[in-house]
Amino acid sequence: MEGLFIQTLVSGLLIGFLYALIAVGLTMIFGMMDIVNFAHGDYLMVAMYFSFWCFALFGMDPLYSLPAVTLLLFGLGILTYYLLIKPIINAPMLSQIFVTFGVLIFLRGLATFLWKVDYRMIPQTVLSGNIHLGDVYIGIPQLTAAAGAIICNGLVLWFLKKTRLGMALEAVAEDKEAARLMGINSDRMFALAWGIGIATVGVAGALLTSFYYVFPEVGANFGLIAFVVVALGGFGSVTGAFAAGIIVGLVEVLSGFLIGPQFKFMFVLVLYLGVVFIRPQGLLGKK
Amino acid sequence: MKKGIIVLIIFLGALAAFPLVYQDPFPRHMLIMIMLYAAMGIGWNIIGGYTGQVSFGNAAFFGVGAYATAILLVNYGISPWLGMIVGCFFSVALAIIVGYPCFRLQGHYFAIATIAVGEIMLLVFTNWEYAGAAVGIYMPILPESFINFEFHTSKLPYYYIILVIFVAALGVSHLVERSRLGYYCRAIKEDTDGARSLGINIQRYKMIAFSISAVITSICGTFYAQYVLYIHPTSTMDLMMSIQLCIICLIGGLGKLYGPVIGAFVFIPMTELTRVYLGSEGQGVDLMIYSMLIIILAIWRPQGLWAIFTRGTAK
Amino acid sequence: MTKDMLIIDNITKRFGGLMANQNVSFSIAEGEIIGLIGPNGAGKSTLFNCISCYYNADGGRILFHGADISKKTPEAICRMGIGRTFQIVRIFKEMTVRENIMIGAFLKHVKLCDATAKAEETADLFGFTEKLDLPAGSLTISDQKRLEVARVFATEPKVLLLDEMMAGLNIQEVRETTDLILKLRDMGITLVLVEHVMEGIMPIANRVIVLDYGEKIAEGTPDEVVNNDKVIQAYFGKKYHAKRRGRTAPLQ
């Protein structure tokens with residue numbers, strides 16, 4: 001019993017890191033331009049299909065195709081910005097909601113059309129296997145994903161806080177006009193934010209493909225969890241998203257363990273509603 | 001304005017006469033679905049269009065209406081008409097319970113919270129044994145009668161019942177638009193702080209609008225349960241259904257009285273036809289077509305098709 | 001002095017460590033025109049938002065006809081008869097001029113036809129008769145500001161708080177605005193005007209209250225206030241003040 005409990009905690013922690021990685025792009029984009037990307041989870045789905053096909057067509061392991069997938073998603077993010085987001089950047093909120101929601105439906109429709117609703121999974125990857133630590137089993141893919149998530153989130157944080165480009169990005173987020181006067185092209189910065197924001201989902205998708213099914217609706221739940229994580233951590237807060245990701249991971253597995261697996265997602269949503277009602281700005285968000 | 005009334009009378013007259021002239025079941029079914037979605041779209045428009053609160057959880061009211069009717073009929077043999085009233089009651093209760101905390105959230109936050117509420121409802125009903133869990137509920141086959149709300153030989157009675165619901169919803173929407181409530185809702189949509197400075201209790205009017213929206217949607221749920229005679233969680237509470245309601249309003253024109261009507265008349269045939277012509281090979285194509293429509297409309301013509309219809313004629 | 005209708009009693013408002021208002025007190029009698037002035041960042045708008053309850057003060061009371069209103073909501077304040085406008089106009093831009101005023105009129109007139117009649121009557125008073133069907137967003141800034149007053153006037157307030165009515169207006173428009181304010185006063189409305197620029201309100205205000213760094217530094221008739229040392233210092237800085245002193249000293 002005790003062993004099982006620790007096992008649960010460990011797996012919650014591991015998936016929590018991944019949730020944090022999925023959410024970090026969402027929170028970054030929101031923090032910069034006050035736009036919620038409702039299609040965020042569906043970019044994850046696209047990334048997962050890319051890594052799946054790299055395996056199915058070229059026999060490339062998801063771990064090896066990760067850089068390519070990340071780059072592709074980076075390009076997709078920039079394309080999305082110039083094609084769809086730029087025209088609505090100052091539009092009423094309703095238009096913004098509908099455009100990113102439109103992208104969500106489009107990506108799901110495209111995936112359903114191209115690949116049908118089948119669940120696909122890569123049977124054997126280079127990471128397959130378990131580590132034993134006493135009574136606790138840890139899947140190597142999960143462990144790698146968590147490690148990858150930590151590294152990637154760290155890189156994003158380092159980029160935003162320590163590099164010139166990252167600081168320019170933050171400057172635009174702070175005050176568009178002032179940044180323009182300092183010679184920062186806000187348009188390019190926004191595109192970059194979309195590129196990086198979607199690329200992080202690419203990393204998450206590639207890592208996830210090693211141990212999770214791929215299907216057109218896979219983004220729905222992950223996307224919703226990303227919203228919960230972002231809202232919990234505070235919209236725009238990268239560190240908040242990291243903390244909230246772990247909380248959500250733990251709440252999910254614990255409620256699954258204690259109450260019943262069919263309710264685990266419900267508890268995450270209830271937690272989300274509870275926090276937002278008490279503290280609309282999230283745990284670490286600025287008012 | 002006069003011209004508008006004449007067009008409306010001709011349109012409703014044609015709708016009423018249609019099944020008498022054409023006996024085919026398929027167009028009848030299509031029109032029933034169009035009117036059902038138009039009525040629900042009108043319900044969504046009151047909260048989403050007039051008041052500007054994008055709700056992705058309206059399907060929950062549809063589900064509550066359908067389930068209240070089904071549970072009362074199956075377990076207690078209570079007439080669906082009473083079930084309809086009970087469904088409305090529960091839907092309003094849900095609207096108030098959800099609205100009270102959610103309406104403190106603004107914009108995106110509200111939209112996400114409604115998704116969460118909708119998903120919670122879906123999960124509750126999927127795991128609730130009493131309500132048939134994931135399998136859902138089959139309605140008992142009762143003798144054909146108005147009181148039983150079941151008709152097996154012809155779809156004609158269903159057609160006229162949904163026509164009445166549709167016209168009633170349109171009437172309610174018209175009354176809302178031409179009343180203090182409607183003006184206040186539009187003020188809230190445009191500028192919350194400005195509205196408060198004029199003595200408008202934001203929470204209260206959002207709540208009233210949400211409740212009206214819930215009642216209309218819930219009645220549609222009852223109708224659906226009796227029309228299809230089989231309900232399950234994903235057919236009545238799916239997020240996709242809530243999204244479809246937004247799309248219908250967006251296509252036709254957000255916050256316009258006839259917006260959802262135009263939207264339903266364009267959207268429902270489009271999805272039905274893509275389904276018929278593309279079959280299972282084309283699964284997903286309908287999604288792609290209407291998602292592109294949403295994006296194009298949201299970027300270039302947020303006023304919807306209604307604006308194209310009225311362009312050039314009097315305001 | 002007649003009975004005080006609005007009493008600001010020791011109002012304090014903090015934002016984190018910043019003291020936006022510190023123990024500000026003054027009172028307003030029925031039928032007065034009060035000017036609330038001070039340099040940028042003096043806490044005028046904060047005080048204004050406290051009186052109209054957009055902020056809840058951290059300390060002190062606001063008495064309206066003897067009742068404490070400091071913990072109420074903005075909409076309740078409006079219903080009690082205190083109307084306000086905003087520094088940056090918040091009219092409903094997508095609606096027509098008529099509809100904008102109707103939203104205000106609905107407070108006291110529930111029926112559509114009554115509200116319409118009230119709105120058109122108000123529009124006449126504010127010179128919008130010709131522009132009733134224009135979208136509010138298409139008006140000039142000075143018209144938009146006037147529309148905001150008309151809109152809140154339609155709620156039939158006893159007190160009007162006008163935030164920076166004259167900012168950005170040309171001389172002609174400033175004149176029109178002063179005339180309008182006097183007209184409102186003659187109709188029995190008590191007015192509180194927040195202004196950054198003193199010129200506009202000096203000729204019409206009965207009394208002026210001066211804020212600086214969140215505190216009240218002076219109160220009195222316009223003449224008293226412009227000659228007040230603290231006020232001159234606040235507006236022109238110590239240096240200028242010293243120079244002026246130096247220049248005027250020998251004359252004494």
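A: Eight residues of domain 1 of chain C are in contact with seven residues of domain 2 of chain C, where contact requires C-beta atoms, placed from the backbone, within 7 Å. This is a predicted model, in which local features need pLDDT of at least 70, side-chain atom pairs count only at pLDDT 80 or more, and totals for chains, interfaces and linings use all residues. Residues are numbered from 1 along each chain as its sequence is written, while chains are lettered from A and ligands numbered from 1 in the order in which they are written.

Q: Which elements of domain 1 of chain C touch domain 2 of chain C?

A: Helix 2 (74–80) and strand 7 (159–163) of chain C each supply at least two residues to that side of domain 1. Helices (H or I, at least four residues) and strands (E, at least two) are DSSP runs, numbered from the N terminus.

Q: And where are the bounds of the two domains of chain C?

A: Domain 1 covers 1–81 + 158–244 and domain 2 covers 88–156 of chain C, with bounds from an automatic or database domain assignment. Their C-alpha centres lie 25 Å apart.

Q: Changing topic: which elements of chain B touch chain A?

A: The contact takes 33 residues from chain B and 33 residues from chain A. Helix 5 (107–127), helix 11 (239–252) and helix 13 (285–300) of chain B each give two or more residues to the chain B side. Helix 5 of chain B gives the most, with 12 residues.

Q: What does V229(A) contact beyond its sequence neighbours?

A: Leaving aside neighbours within four places in sequence, V229(A) is in contact with residues including Y19(A), A23(A), A241(A) and V248(A).

Q: Now the sheet in chain C: what is the strand order?

A: The open sheet of six strands has the order 6-7-8-3-9-10 in chain C, with mixed pairing; two strands pair if DSSP finds at least two bridges between them.

Q: Why is one side of strand 6 and of strand 10 left without a neighbour?

A: Strand 6 (82–84) and strand 10 (215–220) of chain C stand at the edges, each with a single partner strand, so one side of each has no neighbour in the sheet.

Q: How many bridges join strand 6 to strand 7 of chain C?

A: Three bridges join these two strands of chain C, which run parallel. The bridge partner of I82(C) in strand 7 of chain C is V159(C).

Methods
Contact = placed C-beta atoms within 7 Å.
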